[in-house]
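Visitor: Please take me closely through a single part of this molecule, and keep the cut-offs in view as you go.

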Amino acid sequence: MAKRIESELVVDLRGRPIETLDDFWDALAEPCGLPEWFGRNTEAWRDTIQTRGISEVIDSYDVLVVHVDKRGVFAARNREARALRSAFSGQQSRLVVHELL
């Protein structure tokens with residue numbers, strides 16, 4: 001039996017300043033094909049990456065991998081950052097937070 005290879009959409013946002021969640025949504029909009037009516041909140045994001053059916057771009061891949069620097073919203077230990085990180089939990093998505101050198 002042949003092993004299926006998963007396809008990955010890799011969005012690399014390293015080097016891009018992401019100070020707020022709005023900055024994050026702005027950075028993801030184009031590479032992830034988010035529609036203009038996208039909710040721009042963690043609940044809408046969770047639906048987009050786990051339930052699917054919102055972005056044809058994301059839906060055309062098995063897994064979404066987003067790379068970010070550990071700064072701005074991703075350096076903070078606030079409620080919004082935790083909610084965003086938890087939205088990525090699951091087999092269909094990964095958030096990779098890179099330490100700054």
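**The sheet and a helix beside it**

Guide: Strand 1 and strand 2 are paired in the parallel sense over five bridges, where strands (E, at least two residues) and helices (H or I, at least four) are DSSP runs numbered from the N terminus, and two strands pair if DSSP finds at least two bridges between them. This is a predicted model, in which local features need pLDDT of at least 70 and side-chain atom pairs count only at pLDDT 80 or more, while totals for chains, interfaces and linings use all residues. Residues are numbered from 1 along each chain as its sequence is written, and side-chain values use heavy atoms, with hydrogens and water left out.

Strand 2 is in turn joined to strand 3 by six bridges, the two running parallel, and here D69 stands opposite H98 in strand 3. Together the three strands form an open sheet in the order 1-2-3, with parallel pairing. Strand 1 (8–12) and strand 3 stand at the edges with a single partner strand each, so one side of each is left without a neighbour in the sheet.

In strand 3 lies S93, which counts as buried because its relative accessibility is 2%; buried means under 20% relative accessible area, exposed over 50%, and partly exposed in between, with a 1.4 Å probe and protein chains only. A polar atom of the S93 side chain lies 2.9 Å from the backbone oxygen of F88. Leaving aside neighbours within four places in sequence, S93 is in contact with I49, V63, L64, A87 and F88, contact meaning heavy atoms within 4.5 Å.

I49 leads on to helix 2 (residues 42–51), in which T42, A44, W45, T48 and I49 are buried. What covers them includes helix 1 (21–29), helix 3 (56–59), strand 2 (63–69), helix 4 (79–87) and strand 3 (93–98). The face of helix 2 turned away from its buried side carries the exposed residues E43 and T51. At the start of helix 2, a side-chain oxygen of N41 reaches to within 3.0 Å of the backbone nitrogen of E43, and just after helix 2, R52 takes a positive phi of about 70 degrees.

Methods. Polar contact = N/O pair within 3.5 Å; in protein donor to acceptor, adjacent residues only side chain to side chain.
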